[in-house]
Amino acid sequence: MGYTAPLMWRKTIAARNPVMADVARLAGVSHQTVSRVVNGQANLRPGTRERVELAIRQLGYRPNSAARALVTRRSATIGVIGSKSGYWGPSTVHRTIQAAGREAGYFVSSVNLQSLTRGELVDAIDHLRGQSVEGIVLISATDEALEVARAQENLGVPVVVVEGDAAKARWTVGVDQVAGAELGTRHLIGLGHTDILHLAGPPSWTEARARLLGWQTAMYAAGLRPAGHLVGDWSAASGFACGQEIAARGDVTAVFCANDQMALGLMRALTEAGRGVPNGAGGVSVVGFDDIPEAAYLIPPLTTVRQDFQAVGRRAIEILQAAMAGESTPESLIRPELVVRASSAPPVERNP
Amino acid sequence: MAEQVGRRGGPPRSPSMAQVAERAGVSHQTVSRVLNDASLVKEETRARVLAAIEVLGYRRNLAARLLATNRSRRIGMVSAHLALHGPSMIATAVQEAGHVEGYDVSLIGLPELSAEALHGAVDRLCDEAVEAIVVAVAHREAANMTRDLRLSIPVVTVEGVSAGQPLSAGIDQELGAELATAHLLDLGHRHVAHVSGPRDWVEAAQRRTGWRRAHEERGLLPGTELDGDWSPGSGYRAGLMIADDGDITAVFAGNDSMALGLLRALHERGRRVPDDISVVGFDDLPEAAFYWPALTTVAQDFSELGRRALSLAVAAIRGEQEASLDLIVPNLQVRASTGAPPPCSP
């Protein structure tokens with residue numbers, strides 16, 4: 001069984017991995033004996049175990065993990081469900097959770113969904129349970145997803161929801177979205193802005209609602225009335241489209257944008273329409289959310305709210321482990337951080 | 001089923017082998033044989049054990065599928081640098097293609113590229129009885145490491161592949177870079193500078209080759225070369241040097257993220273794009289159209305790449321020989337960041 005050139009295995013009808021019978025044959029022992037060695041049982045004649053282990057190594061035999069799961073009841077696998085939208089926040093969290101899970105010794109099985117609807121989620125969870133996962137992390141939940149997640153707890157699979165609504169999901173973890181939005185909005189208020197618009201994410205996402213709430217809360221706390229908000233879909237294109245609308249509104253002096261990718265499109269639309277960011281005639285200040293790697297290199301560099309996704313990934317696994325062990329779970333919210341750059345400034349004097 | 005409902009906070013309750021044995025009226029060893037090598041068991045006995053597993057709640061799961069078909073319907077994928085656009089798009093595309101064909105794709109992201117990390121990942125995947133593995137690792141050493149795996153299941157390579165390489169699928173990086181560079185040269189620029197990705201990435205080297213070839217085919221000498229690392233920061237640093245170099249009127253950045261940093265640096269130094277300097281990127285990120293100015297770049301069809309990789313894996317699993325395909329041709333997206341060189345340029 002040397003180097004597997006394409007030619008070699010094409011000669012066989014279909015390639016397959018060695019099975020226990022192959023090991024038994026090579027070691028010259030019974031199937032039962034191989035089984036005993038594989039399952040780590042004792043009472044074997046000296047030399048027998050070594051012979052079997054040698055045969056296993058020579059053949060590259062791997063005990064069937066599904067079978068092992070039946071015997072040991074532990075698969076050492078956790079499932080992670082994300083969406084394949086490619087939005088920076090959720091996909092970064094997905095990666096950090098995978099890394100944290102592996103570091104904790106689990107095999108991580110990832111599923112990416114087109115959308116987080118009930119149907120897709122039920123399929124995904126079914127699929128993961130078929131792999132005997134011990135726990136599931138669900139990223140960026142919609143309301144439908146949260147309902148499905150809650151039902152899973154009744155089936156004995158702990159589900160940790162990232163950026164979930166703590167009222168709807170038993171175990172949640174994430175950066176404190178409301179606090180982050182308050183930070184961004186308060187920064188603009190502190191600069192002197194009173195007409196601060198919000199460009200929100202899609203309302204079916206819990207983070208979008210939380211950031212909207214944070215913006216509203218900060219405005220009310222400062223004695224300001226939150227003017228209406230616009231709704232984008234997280235993409236730069238939607239930020240651009242909303243930006244064209246905003247550019248036409250002379251009263252707006254600042255925008256708190258629900259993520260950096262939309263802020264990128266927004267700033268582009270404002271600049272194209274002749275509204276400077278943040279200065280110049282009719283200048284508009286812009287604050288984003290996430291702190292994507294590109295944020296510092298935009299024109300102008302973007303003030304934003306940084307999310308510590310490494311911390312989210314680690315905490316998600318810690319909470320999942322605690323839930324799986326029936327222990328009390330650690331603190332679920334990670335503090336966000338404001339990063340001030342050049343896209344925000346005091347309001348430009350308006351001509352009467 | 002009482003067994004299916006877990007205790008609060010406890011691990012999920014899978015039926016044990018003892019329960020399956022009891023239900024099927026066979027010995028523990030028999031269940032083990034059925035699970036590990038069905039060929040030793042009478043068909044009727046095997047059916048009884050299978051039925052027991054199904055009744056105890058193993059519908060549609062891996063164990064049942066393996067027993068029924070001897071196939072896991074699962075393909076493994078190993079990928080590095082999932083934080084970057086290309087690798088993440090490719091991983092998603094392969095998973096999607098797998099979903100369409102009825103295969104689960106188990107993805108493992110490597111934290112770092114090393115033979116140990118690759119072997120560890122492949123080990124885990126083989127534990128799950130994957131029928132094939134897709135390797136998406138862009139570094140030069142990856143090809144050797146993959147060969148050293150010596151697996152008995154097929155291995156399909158994406159990323160960093162060359163035309164005609166067996167069991168591989170890829171997008172023609174050299175051609176993409178050539179298109180980008182030729183676009184600038186045909187606009188009248190006498191040479192094009194290049195900010196490349198890290199030297200140990202095969203794709204960075206391939207884009208560099210295409211960039212050089214576009215010059216050579218027109219009897220021109222290539223422009224300045226600068227080292228980047230795919231990040232916007234590295235593009236920014238290269239951009240500061242380019243801004244100060246009066247000779248440069250056009251730049252091909254190895255990816256859109258570096259192009260963004262480059263645009264920022266040129267803006268800071270008062271060099272107008274495209275009036276003073278033209279810029280082309282690579283990838284066509286969704287944001288590229290909204291850069292300032294909108295970025296001319298090279299689009300890669302990652303969905304098609306994922307489909308091809310999956311199709312190769314499936315054919316290989318079936319023992320069929322699929323004709324190797326040409327590399328996928330990328331296409332140039334012309335936007336506002338490129339134009340003719342300024343008058344009276346060197």
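Of the 352 residues in chain A, 57% are buried, a term that denotes under 20% relative accessible area with a 1.4 Å probe and protein chains only. The structure is a predicted model, in which local features need pLDDT of at least 70 and side-chain atom pairs count only at pLDDT 80 or more, while totals for chains, interfaces and linings use all residues. Residues are numbered from 1 along each chain as its sequence is written, chains are lettered from A and ligands numbered from 1 in the order in which they are written, and side-chain values use heavy atoms, with hydrogens and water left out.

Chain A contains 13 helices and 12 strands, these being DSSP runs of at least four residues (H or I) and at least two residues (E), respectively, numbered from the N terminus. Among the contacts of chain A (heavy atoms within 4.5 Å) with a separation of 6 or more, 68% link residues 24 or more positions apart.

In chain B, five strands form an open sheet with parallel pairing in the order S2-S1-S3-S4-S5, where pairing requires at least two DSSP bridges between two strands. Its edges are strand S2 (104-110) and strand S5 (168-169) of chain B, each of which pairs on one side only. Strand S4 (residues 155-158) of chain B runs parallel to S5(B) and is joined to it by two bridges, and Val158(B) has Ala169(B) in S5(B) as its bridge partner.

The mean pLDDT of chain B, on the predictor's scale of confidence in each residue from 0 to 100, is 86, and 88% of its residues reach 70 or more. Over residues 1-14 of chain B, however, pLDDT stays under 50. The model scores ipTM 0.77 and pTM 0.78.

Notes: Buried < 20%, exposed > 50% of the residue type's maximum accessible area, 1.4 Å probe, protein only.
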